[in-house]
Amino acid sequence: MNHPPESGAFPGDGTDVLIVGAGPTGLMLGCELRRRGVDCTVIDRAPDVDPRTRAVMVHAASLETLEDLGLRAGLERQGVRQRRIAFHLHHGAVHTVEFAGLDTPYPYYLNVPQPAVERALATAFTERGGRLLRSVRYEDHRPDGPGGQLLVELATGRGAFTVPARYLVGADGAGSGVRQRLGLAFDGVTYPMSYLLAEGSPQQAADPDTSAMYVGPGGAVSLLPLPGGLVRIAGPAAPELLGRDEGVTAAAFARAVDALGFGATLRLARTDRLAHYQVHERLASVFHSGRTVLAGDAAHLNSPAGGQAMNTGFADASALAWRLAALVEGRAGDGVLADYARERRHAAAEVGRATSALGLLQAMREATTQDLRQRVQESLAGYAEAWSQLYTTYAERPAAALPRRETYQLVPGARVPGHVPHPDRPVALFRPGVHPEAYRGVLPAGTRGLTLSTRQSAWLPAGADAVLVRPDRHVAAVLGPDTRRPDGTPDHRREEVAA
């Protein structure tokens, strides 16, 4: 399964979709494609899953997708449910972001190490007939194959070979070789300080259902509970920038964290891992070129605030899978990839706005009066919605706005929280009391008709009867009576988004 015997691991005519990168994004996309019966191959240059814990937080929107794949319950047994994020300030204030009221069966997020997520996805992918080939490097590709296919150049320790693929996905991380071969810009900023990271056993047991951020005068760290009573402590604890190859000692880490002023709360009784890294905010200039598409960190990088990276990659996979399936089956034109690129680049930019936390942390530091602290707490409204990614919309919002449950609307491009989609067919969700028969001939063939919940009904625009929902849970059209035809039968309006 993991090592191709020469090039024989591929069928003679190649593969419909070749995904470069067996991280969470690439494997999630592979699972979603196999769920739709698409021939799919995932390659990775590494021989196995990286055992280091990188991403940790799996948010509600991702839990909904993992439930569709039958993987949520198994991962929950390997993780720790979290109900809130608490911000502790050196001057004694505490601010919270609560997740309990989210409109989903999973109103929380899960702290589960990324290697566990990757192994669960890899097992599901191969059990569904996907090819997972490790120790295989992507080298290049060119659009010279038969019928418009790409010819993808790969290499192993046994030599190089070329594979035809109808579509190529670069899910190969921040240093994406696919993105570099396409010559796409990856502009953005790099934070001018190092983030320190340590994992191990804490001196004081952490609150089991709360992740925390401890904000001192000159730095901050997050404390994330992990399975087995372990914790991860990470963040810009000190202002200096460490050299790329410079190590971090346990004593240096302890000094930096102690300087924040929270004493034993942030001390480790046993340290299992020490590291430092830099944080980048970057966005690819475009997310697709011809039959080649970018997803996950290959397309966008954000601050670690709110634990968005893995979740944004999962959303990319959901948005891309049904489109690739439609292309492979001849049910769509190549324009759907441009739609994916436009929508997901917009979403990644929105994530970037919701995770640029330096200004928020500084406002917390300066909030030394009760009035200022109240303003800070009020400014946190919408962060649970944004970080959960349940309320993502491709429609434009005001410049600094975050999604709010109270004012959310199911307009074209809006995600439907709590909805369980069909993998291949659109679903129409009707207001209670509206009969789907009234829209016969208006909806696409094969559309399933279901009823909106009371909460979802409240999000319908005024006068609307229903929404048509795509397989990625986003609204394709709002349906409502508008005019009547000359014969007296109802006509209907559809406000559509691309694809």
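**View 1. Overall fold of the predicted model.** Among contacts in the protein (heavy atoms within 4.5 Å) between residues at least 6 apart in sequence, 69% join residues at least 24 apart. This is a predicted model, in which local features need pLDDT of at least 70 and side-chain atom pairs count only at pLDDT 80 or more, while totals for chains, interfaces and linings use all residues. Residues are numbered from 1 along each chain as its sequence is written, and side-chain values use heavy atoms, with hydrogens and water left out. The secondary structure comes to 12 helices and 26 strands, taken as DSSP runs numbered from the N terminus (helices H or I, at least four residues; strands E, at least two). The C-alpha trace spans about 75 × 65 × 40 Å along its principal axes, and 56% of the 499 residues count as buried, that is, under 20% relative accessible area with a 1.4 Å probe and protein chains only.

**View 2. Packing of helix H1 against helix H4.** Helix H1 (residues 24-35) and helix H4 (residues 114-127) pack at an angle of about 25° with their axes 9 Å apart, the axes being lines fitted to C-alpha atoms over the stretch in contact and the angles running from 0 to 180 degrees between N-to-C directions. That angle makes H1 roughly parallel to H4, a term that covers angles under 35 degrees. Pro24, Leu27, Met28, Gly30, Cys31 and Arg34 of H1 make the contact with Gln114, Glu118, Leu121, Ala122, Ala124 and Phe125 of H4.

**View 3. Packing of helix H1 against helix H7.** H1 and helix H7 (residues 309-328) pack at an angle of about 30°, and their axes are 8 Å apart. From H1, the residues Pro24, Thr25, Met28, Leu29, Glu32 and Leu33 meet Met310, Gly313, Phe314, Ala317, Ser318, Leu320, Ala321, Leu324 and Ala325 in H7.

**View 4. Helix H2 and the glycine after it.** Helix H2 (residues 60-68) is largely enclosed by the rest of the structure, because 7 of its 9 residues are buried. The buried residues in H2 are Ala60, Ala61, Ser62, Leu63, Glu64, Thr65 and Leu66. Glycine 70 follows H2, and the phi of this glycine is positive, near 75°.

Notes: Angles under 35 degrees count as roughly parallel, over 145 as roughly antiparallel, 65 to 115 as roughly perpendicular and the rest as oblique. Buried means under 20% relative accessible area, exposed over 50%, partly exposed in between (1.4 Å probe, protein chains only).
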